[in-house]
Amino acid sequence: MLNRLRRAQGQLGAVIAAVESGGSCKDVVTQLAAVSSALDKAGFVIVSTAMRDCIDNPDTPNALTVDELEKLFLTLA
């Protein structure tokens with residue numbers, strides 16, 4: 001997950017640099033789509049990890065309810 005977030009951070013830097021330097025619309029949108037995809041995938045990894053943790057350890061203090069997990073998942077949709 002951290003690799004995905006770092007990749008998104010690098011891609012966002014490329015978007016900012018392209019906008020600042022007057023890069024083409026195509027390049028900016030392509031990089032922006034890559035950032036968005038990387039962030040979405042990182043979010044899904046986080047939610048799936050929480051689901052797995054809640055199934056494996058339902059009695060832990062940080063365990064989420066099914067409704068909370070569903071809300072998190074739908075937030076990414």
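**Entry 1. Ground rules**

I am working from a predicted model. I describe two packed helices by the angle between their axes and the distance between the axes.

**Entry 2. Helices α1 and α2**

I began with helix α1, residues 2-20, and its packing on α2. Their axes come within 9 Å and cross at roughly 160°. Angles over 145 degrees count as roughly antiparallel, so α1 and α2 are roughly antiparallel to each other. I noted the hand of the crossing of α1 and α2 as left-handed.

Next I listed the residues that make the contact. From α1 I have Arg4, Leu5, Ala8, Gln11, Leu12, Ala14, Val15, Ala18 and Val19. From α2 I have Val28, Gln31, Leu32, Ala34, Val35, Ala38, Leu39, Lys41, Ala42 and Val45. Sorted by class, the contact of α1 with α2 has 15 nonpolar, two polar and two charged residues.

**Entry 3. Gln11**

I picked Gln11 out of the α1 list. Gln11 sits in helix α1. Is Gln11 buried or exposed? Its relative accessible area is 17%, so Gln11 is buried; the cut-off for buried is under 20%. I then looked up what Gln11 touches, leaving aside neighbours within four places in sequence. The partners of Gln11 are Gln31, Ala34, Val35 and Ala38.

I moved across to α2. Leu39 is found in helix α2. With a relative accessible area of 42%, Leu39 is partly exposed. Which residues does Leu39 contact, leaving aside its neighbours within four places in sequence? I found Leu5 and Ala8.

At 36% relative accessibility, Ser36 counts as partly exposed. I took the separation of Ser36 and Ala8, which are 28 residues apart along the chain. The C-alpha atoms of this pair are separated by 7.7 Å.

**Entry 4. Helices α2 and α3**

I turned to the packing of α2, residues 25-56, on α3, residues 66-75. The two axes come within 10 Å and cross at roughly 165°. That makes α2 roughly antiparallel to α3. The crossing of α2 and α3 is left-handed.

Which residues make the contact of α2 with α3? On α2 I listed Phe44, Val47, Ala50, Met51 and Cys54. On α3 I listed Leu69, Leu72 and Phe73.

**Entry 5. The aromatic pair**

I checked the model for aromatic pairs. How many are there? The count comes to one. Phe44 and Phe73 form the pair, with 5.6 Å centre to centre and 55° between the planes. The pair is tilted. Planes count as edge-to-face over 60 degrees and as stacked under 30 degrees, so 55° falls in the tilted class.

I placed the two rings in the fold. Phe44 is in helix α2 and Phe73 is in helix α3, 29 residues apart. The pair links distant parts of the chain. I looked up the accessibility of each residue. Phe44 is partly exposed at 35% relative accessibility. Phe73 is partly exposed too, at 39%.

Ala50 lies in helix α2. At 17% relative accessibility, Ala50 counts as buried. Leaving aside neighbours within four places in sequence, Ala50 is in contact with Leu64 and Leu69. Leu69 belongs to the α3 side of the contact with α2. The C-alpha atoms of Ala50 and Ala63 are separated by 7.9 Å, and the two residues are 13 residues apart along the chain.

Asp53 lies in helix α2 too. Its relative accessible area is 42%, so Asp53 is partly exposed. I took the separation of Asp53 and Lys26, 27 residues apart along the chain. Their C-alpha atoms are separated by 41 Å.

Key. Residues are numbered from 1 along each chain as its sequence is written. This is a predicted model: local features need pLDDT of at least 70, side-chain atom pairs count only at pLDDT 80 or more; totals for chains, interfaces and linings use all residues. Side-chain values use heavy atoms; hydrogens and water are left out. Axes are lines fitted to C-alpha atoms, for helices over the stretch in contact, and angles run from 0 to 180 degrees between N-to-C directions. Helices (H or I, at least four residues) and strands (E, at least two) are DSSP runs, numbered from the N terminus. Angles under 35 degrees count as roughly parallel, over 145 as roughly antiparallel, 65 to 115 as roughly perpendicular and the rest as oblique. A crossing is left-handed if the near helix is turned anticlockwise from the far one by less than a right angle, and right-handed if clockwise. Contact means heavy atoms within 4.5 Å. Ala, Val, Leu, Ile, Met, Phe, Trp, Tyr, Cys and Pro count as nonpolar, Asp, Glu, Lys and Arg as charged, and the others, Gly among them, as polar. Buried means under 20% relative accessible area, exposed over 50%, partly exposed in between (1.4 Å probe, protein chains only). Rings of Phe, Tyr and Trp (its six-membered ring) pair if their centres lie within 6.5 Å; planes under 30 degrees apart count as stacked, over 60 as edge-to-face and the rest as tilted.
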